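Please look over the sequence and the model below before reading on.

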Amino acid sequence: MTTAHDSDRARPEPAARSVLPVRPTDTVLSVLRNPRLLTREALAGVVTTLALVPEVISFSVIAGVDPMVSLVASIVLALVMSVLGGRPAMVTAAAGSVALVIAPLVREHGTDYVLPTVVLAGLVQLAFGLAGLARLMRFIPRSVMIGFVNALGVLIFVAQVPHIIDQPWVVYPLFALTIAIVVLLPKVTKAVPAPLVAIVVVTVIAVAARLDVHTVGDEGPMGGGLPGLTPWLAPFTLETLQIIWPTALSVAFVGLMETLLTAKLVDDLTETPSHKGKESWALGVANIAAGFYGGIAGCAMIGQTVVNVKIGRARTRVSTIAAGLFLLLLVTGLSAVMSTIPMVALAAVMMIVAITTVDWHSLKPSTLRRMPVPETLVMVVTVAVVVATNNLALGVAVGVLLAMVLFARRVAHVITVERHVTSAPAGATVTSDTGTLGTASDTVGVTPSAGGAGAVVDGPPAPETVRYDVVGPLFFGSSNDLVEHFSYGDDPATVTVDLSRAQVWDASSVAALDSVDEKFRAHGVTATFVGLDDRSEAFHGRLTGRLG
């Protein structure tokens, strides 16, 4: 194969990178120095804790462990991530996605294997973060993210419905009162979080009137005090590793996916960046700590994070530290008070969170009309899988796979091959005619000469020349049928293949170019490949002729 590098070809200058102004953000130190900000962050943490408790208890039932196990693990997770995490104001606790993964292990082998499973999952997350693999999150398409957010809103809302329907009639006035306070109080004052006021008011009414309503205490036992370290009861054997490793990997990657997606969501809500790698390895450390003191793993709690960031307007680690400490206070000293909170109040707050979580703009008919059908399909499939399985991580995985398939299908047709033929009697001025997608278009264009329009000047025929222009990126998806776009038997002894508007990205593309060259040689034609940029030329030169 003959190659030539067009060193004189003009290259566009790199576009100037736009620098967005950095918005001033609150820091822990600035919050501690400002009583108003400190109050805001602390109250946001309190509201978040109240929204956290019933879900954590419910998830413990799903996982098959004692509610105190999940509550204590949530304290450890919240405090450790507040110190080590890379996304301030994001709430981490014992989560439903992790509970769903661990539940089959507990049912089949008992709780003795939970601690080694959690420790192994934490080590995987630690390695994931230290290896910098969190950068892979950038490959999750926007349509999957929107589907993730919309599915989250649906799951949060549906999870609260049992606390509203088929309940005593008195639940409905309390539900309406909670909604009214949460919606109307911010119009009067934002000094105190409206959800906190609503929960306190409804709890006082329920206790004072001795109303027969479902409470947090009905979700599970709320005994005071803290347990000691979690004992390691599983044997240190290869059999134990064989039992725990599939669940441990699932816990690790489900937790990472949900945490990193939540971090990206908070980045968008607060317009501030986060350190995804730091968040990943910190989650591993937090889960190992929670396993040894608590007993179960966790990850970011998306609904509670939205409560903290969107409703409580928290922006720093102070809010999550306050949440962890308040949860510690509730577990050790105020468990009796916590158990009296009506579930209807918490359900109403979470329903409003669910409604505000959904990206309603993405569901408008005007938006759907403008959006490409494949992207809408990816969003719908992501939502459908999450709602059908109650598994956010599975829905995201299916959405990403579908997006990859649709993307590969689209880019498989981005390559065009234009054939330019020059052939005319000697002395004539000629132009070229262009075909696309390798379709030979051999009509000769002849400009008018002095002899009249379309006149041909006598003389010996000039040799015919052919140039192919390849346009678009060459990789495994687009270069597979590249060999079909050339007219081998119709070309003269030498042809030029211009790659100045193409790039070579992988070995499949090099193999495709080698196949093109071999076919030309089989027809007695010498092909010269020109125009490769420096990177493509170096990559091509390293592999051409060596791929078998």
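How many helices and strands are there in the protein? There are 19 helices and 10 strands, where helices (H or I, at least four residues) and strands (E, at least two) are DSSP runs numbered from the N terminus. This is a predicted model, in which local features need pLDDT of at least 70 and side-chain atom pairs count only at pLDDT 80 or more, while totals for chains, interfaces and linings use all residues. Residues are numbered from 1 along each chain as its sequence is written, and side-chain values use heavy atoms, with hydrogens and water left out.

The pLDDT, which is the predictor's confidence in each residue on a scale from 0 to 100, has a mean of 83 over the protein, and 86% of the residues reach 70 or more. Over residues 5-24 the pLDDT is below 50, and this stretch has 15 contacts in the model beyond near neighbours in sequence, a contact being heavy atoms within 4.5 Å. Residues 426-460 also have a pLDDT below 50, with 52 contacts beyond near neighbours in sequence. Where pLDDT is low, the predicted coordinates should not be read in detail.

The largest pocket has a volume of about 670 Å³. On a 1 Å grid over the protein atoms alone, a pocket is an open set of points where a 1.4 Å probe fits, with protein on both sides within 12 Å along at least five of seven lines, and lining residues have an atom within 4 Å of a point; grid points are joined across faces, edges and corners, and the volume is the space filled by probe spheres set on them. Of the 32 lining residues, Glu55, Phe59, Gly96, Leu155 and Ala159 are the closest to the centre of this pocket. Helix H6 gives the largest share of the lining, 7 residues.

Helix H6 (residues 142-160) also holds Asn150. Is Asn150 buried or exposed? Asn150 is buried, with a relative accessible area of 5%, because buried means under 20% relative accessible area, exposed over 50% and partly exposed in between (1.4 Å probe, protein chains only). Beyond its neighbours within four places in sequence, Asn150 is in contact with Val358, Asp359, Ser362, Leu363, Met379 and Val383.

Tyr468 has Val497 in E9 as its bridge partner. E9 also pairs with strand E10 (residues 526-530) in the parallel sense, over 5 bridges, and Thr496 has Thr528 in E10 as its bridge partner.

Definitions and conventions:
Two strands pair if DSSP finds at least two bridges between them.
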